[in-house]
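Visitor: Please show me the model, and then I will ask about particular residues and elements.

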Amino acid sequence: MKSTIKSVITTAMVCVFAVNLSAAQEIIPDKVDNSKKKMDSTQTSARKKVDGVAAVVGDFVVLDSDIDKEYIQLQARGVSIAEITRCQLFGKLLEDKLYAHHAIQDSITVNELEIRSNIEQQINAFLESKGGSMAELLSFYNKDSEESLREEMFEINKNAKLAGDMQRKIIADVEVTPEEVREYFNSIPKEERPVFGTELKVAQIVVMPEVSEEAKQAAIDKLKEFKADVIENGASFTTKAVFYSDDKAARGKGGAYTLNRKRPQMVKEFRDVAFSLQEGEISEPFESDFGYHIILLEKIRGQEYDVRHILIRPEITESSVLAAKEKITKVRERIQSGDLTFADAALEFSDEEETKYEGGQLINPYTQDSSMELTKMDPELYGQIQDLKDNEISLVLQDQDRINPIKFKILTVTDRIDEHEADFARDYLKIKSLALQEKQYKEIQKWQEEKIYDTYVKISDDYKSCEFNSNWLKTEKK
């Protein structure tokens, strides 16, 4: 499928470190005749070309340095740039500016508070993943201050959001009828029809160790002690979060999070408590799926709340772990003996609310259906089911997730579709998706052709030799 289709679907979700760091700028005059002005011949730097204008698209310019930054970004993401030409990157930048320009013309707006909040998360995520400092980040992006970096990031995020919203608006009403799907499929030569990989449908039953009331109360009491020590003795909430919190992701930051009222981030119980506090107030212990928390509200900044929290997970006893394992072992035995079907056992005994009512059937997070392509399956899940025959039940497996530190499960493959050439009846939904993408691509191409002629576009002489997918040079009206 052509790369433009991918940009139709993914542009708005790309974060700041996966897009170019080229700031949008106002149109600048072409050239000013300075021949009559006197220039000090000793000031040789005055004649040095600092950054050239590669193109003007509507209210935006593309600089030579913008293309250089595209290469830097690709390399930072581990993408090989050997086969990517400067002209290809330049063409992509022209498209982005065209979308953003017409988004403004169409009065598409963005939430600036949300964008600035995203910038904080992007910076934090980048620093954590790279293990670097702000100084290293500034050096990487050739910025002399954090403020200048944030402002450039704001422009990037803003324009990326505008471009994404414009693309979605273009294809918002694009749909395909069953007849169009059939015509699309029949138009593909038989030797070029797509091949779909092996797909599996997988179901599971999950049993979690029970947490005793005594363990829950112990967690609550510990949090009450922390709160009292901070209020009565002046102890540091931050220090306690670093040493005692079970939230590993925030522990190194002293339990710090920034919440935004307009953008859900944490679980509902956490948000409700945080937004009910006054600055400097510490909450009473409360429960969520993750365990028990207390929250300190440090600062309110408009819609944003700076908080710190301490999470304590109730202790799971060895006896409850053994009991959970014995329970799921007996369930497995009953299924194997024929006393229960896997689906009935899931409904009766599984502790996983998301799957128990569907016979334990797992959902593909990318397609939201139950079929999972083998080559795209989560590696851990693949390792657990790769040797299972149809309707065979796995051994009892110990597992964990971000909420449950320990759980037990059994799995089965409920259906298997081997690798095959696309079949219209069997693969209708996949073919429909491809047909829709093709129609969206054509709609985007049609829009581009029209808007390029409706928009002021000027390409620098240095780039007029590029071979563009779109008619940026306006050589002829298509």
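Visitor: Which strand holds Glu-199?
Guide: This is a predicted model, in which local features need pLDDT of at least 70, side-chain atom pairs count only at pLDDT 80 or more, and totals for chains, interfaces and linings use all residues. Residues are numbered from 1 along each chain as its sequence is written, and side-chain values use heavy atoms, with hydrogens and water left out. Strands are DSSP runs of E with at least two residues, helices are runs of H or I with at least four, and both are numbered from the N terminus. On that numbering, Glu-199 belongs to residues 199-207, strand S4.

Visitor: Is Glu-199 buried or exposed?
Guide: Buried means under 20% relative accessible area, exposed over 50%, and partly exposed in between, with a 1.4 Å probe and protein chains only. The relative accessible area of Glu-199 is 5%, so this residue is buried.

Visitor: Which side chain makes a polar contact of 2.9 Å with that of Glu-199?
Guide: A polar contact is a pair of N or O atoms within 3.5 Å; within protein, one must be able to donate a hydrogen and the other to accept it, and residues adjacent in sequence count only if both atoms are side-chain atoms. Contact in general means heavy atoms within 4.5 Å. Leaving aside neighbours within four places in sequence, Glu-199 has contacts that include Ser-371, Asp-415 and Arg-416. The side chain joined to Glu-199 by the polar contact of 2.9 Å is that of Lys-430.

Visitor: How far apart are the C-alpha atoms of Gly-291 and Ile-403?
Guide: Gly-291 is in strand S7, residues 291-301, and counts as buried at 6% relative accessibility. Beyond four places in sequence, Gly-291 is in contact with Phe-286, Leu-311, Ile-312 and Pro-314. Gly-291 and Ile-403 are 112 residues apart along the chain, and their C-alpha atoms are separated by 8.2 Å.

Visitor: At what angle do the axes of helix H3 and helix H6 cross?
Guide: Axes are lines fitted to C-alpha atoms, for helices over the stretch in contact, and angles run from 0 to 180 degrees between N-to-C directions. Angles under 35 degrees count as roughly parallel, over 145 as roughly antiparallel, 65 to 115 as roughly perpendicular and the rest as oblique. H3 and H6 are therefore roughly perpendicular to each other. The axes of H3 (residues 86-105) and H6 (residues 146-171) come within 8 Å, and they cross at roughly 80°.

Visitor: Which residues of H6 make the contact with H3?
Guide: From H3, the contact involves Asp-96, Tyr-99, Ala-100, His-102, Ala-103 and Ile-104. The partners from H6 are Asn-159, Leu-162, Ala-163, Met-166, Gln-167 and Ile-170.

Visitor: What is the phi of Ser-107?
Guide: Most residues other than glycine have a negative phi. Ser-107 lies in the loop between H3 and helix H4 (112-130), and counts as exposed at 59% relative accessibility. Although Ser-107 is not a glycine, its phi is positive, at about 65°.

Visitor: Where is Asn-391 found?
Guide: Asn-391 is another residue other than glycine with a positive phi, near 65°. Asn-391 is exposed, with a relative accessible area of 59%. The position of Asn-391 is the loop between helix H15 (379-385) and strand S10 (397-399).

Visitor: How many helices and strands does the protein chain have?
Guide: Of the 478 residues in the protein chain, 43% are buried. The secondary structure comes to 16 helices and 13 strands.
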